Amino acid sequence: MKTRTEQEMLDLIITFAKKDHRIRGVLMNGSRVNPNIKKDIFQDYDIVYLVTDVEPFKDENFILSHFGEVMLMEKPEDKIFPPPIGDGRYTYLIQFMDGNRIDMHFIPINKVDELIQDSLTRVLLDKDHNIPDIPPPSEQSYLIKKPTEKLYNDCCNSFIWGLGAHIPKTIWRQELPLLMRLIDIVLREPLIQMLEWYVGIKTDYKYSIGKGGRYLKKFLEPEIWNDFEKTYTDANYDHIWSSLFLFHDLFKKTAEHVGQVYGFQFPEEECKRALSFLKHVKELPQDTKSIF
């Protein structure tokens, strides 16, 4: 099956809107309107249909008959796992058999002012000429923002607490599913936040590291990126232990740098205590009757 081209997909998206009087406008956002993103074959079409009434567009047979053969589909607002956004929109996430994907949102037209606050937005259709003028798409809404002292302190606290309280007991118990989840939540999330500020300092806050830090490699020095890569490990507990100490070293290094730039005090003593306890737990036998 031949993959439809970008122009064919855009024609399809706009034609659907033109044929239906209940659709008053069409917006496109996301990577396809981002001037800083190199196009690739897997980019989605993130489409917002501005409608007078959302309810009729919950008929999937009506929707799908226009767009082509579906491989997979998710309707987040019809689900309880995960819970829906519940803000009045109705969404279809559609993977087509030809490889294209559309994330299609039907949203009341009266919410247009909120929607165009996203700087990665382009107007594809405005039937009533009521959509306010917006600047050309840019990453302005997604640029790294400077840390406040409170944000910095909270980020450090989250990481150090995770390293010294959540992680030691969970790895000692060898509760692998919980351990892996905690590593991503209590260690990786604050580390990525600190790396984001680190990159912001390097680049004068002119860029975005993307969702989940997807573009970090582009901005980090090779030695820092290599260490970050090594924090991703398999289910081998020796490998996990090694990654935990890498997490510590990488977070401490970048947090101290960010703190020095902004005059924030890195919690050195708390970090030492967390690391010391982690090392202690590493040596605890599985049959021990006491932590100390």
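The largest nonpolar core of this predicted model has 47 residues, and those with the most contacts inside it are Tyr152, Ile167, Leu187, Met194, Leu216, Leu244 and Phe251. A nonpolar core is here a set of buried Ala, Val, Leu, Ile, Met, Phe, Trp, Tyr and Cys residues joined through side-chain atoms within 4.5 Å; buried means under 20% relative accessible area, exposed over 50%, and partly exposed in between, with a 1.4 Å probe and protein chains only. At least two residues of this core come from each of H4, helix H5 (176-203), helix H6 (216-219), helix H7 (222-230), helix H8 (237-262) and helix H9 (268-282). H5 supplies the largest share, 12 residues. Helices (H or I, at least four residues) and strands (E, at least two) are DSSP runs numbered from the N terminus.

Ile167 gives a view of the packing: leaving aside neighbours within four places in sequence, Ile167 is in contact (heavy atoms within 4.5 Å) with Gly162, Leu179, Leu182, Ile183, Val186, Leu187, Leu244 and Leu278. A second, separate core has 28 residues, among them Ile13, Tyr45, Tyr92 and Leu125.

Residues are numbered from 1 along each chain as its sequence is written. Local features need pLDDT of at least 70 and side-chain atom pairs count only at pLDDT 80 or more, while totals for chains, interfaces and linings use all residues; side-chain values use heavy atoms, with hydrogens and water left out.

Ile63, Leu64, His66 and Phe67 are buried. The packing partners of the buried residues are helix H1 (6-18) and strands E2 (45-51), E3 (70-74), E4 (90-96) and E5 (101-108). At the start of H2, a side-chain oxygen of Asp59 comes within 3.1 Å of the backbone nitrogen of Asn61. After H2 comes Gly68, with a positive phi near 115°.

Charged pairs come next. The structure holds 18 salt bridges, each a side-chain nitrogen of Lys or Arg within 4 Å of a carboxyl oxygen of Asp or Glu. One of them joins Arg24 and Asp128, with the closest N and O atoms 2.7 Å apart. Arg24 lies in strand E1 (residues 23-29) and Asp128 in the loop between strand E6 (121-126) and helix H4 (149-172), so this pair ties together parts 104 residues apart in sequence. Another salt bridge brings Glu60 and Lys75 together (2.4 Å, N to O); Glu60 belongs to H2 and Lys75 to the loop between E3 and E4, 15 residues apart. Glu60 is partly exposed, at 26% relative accessible area. In the salt bridge of Asp103 with Arg101 (2.7 Å, N to O), Asp103 is buried at 8% relative accessibility, whereas Arg101 is partly exposed at 28%. Glu6, Arg32 and Lys39 are linked in a network of salt bridges.

Glu196, in helix H5, is buried yet has no salt bridge, and the nearest side chain of opposite charge, Lys145, is 7.9 Å away. Here Lys and Arg count as positive and Asp and Glu as negative, while His and the chain ends are not counted. The Glu196 side chain does make a polar contact with the side chain of Gln193 at 3.1 Å. Such a contact is a pair of N or O atoms within 3.5 Å; within protein, one must be able to donate a hydrogen and the other to accept it, and residues adjacent in sequence count only if both atoms are side-chain atoms. Not counting residues up to four places away in sequence, Glu196 touches Ile144 and Ile209.
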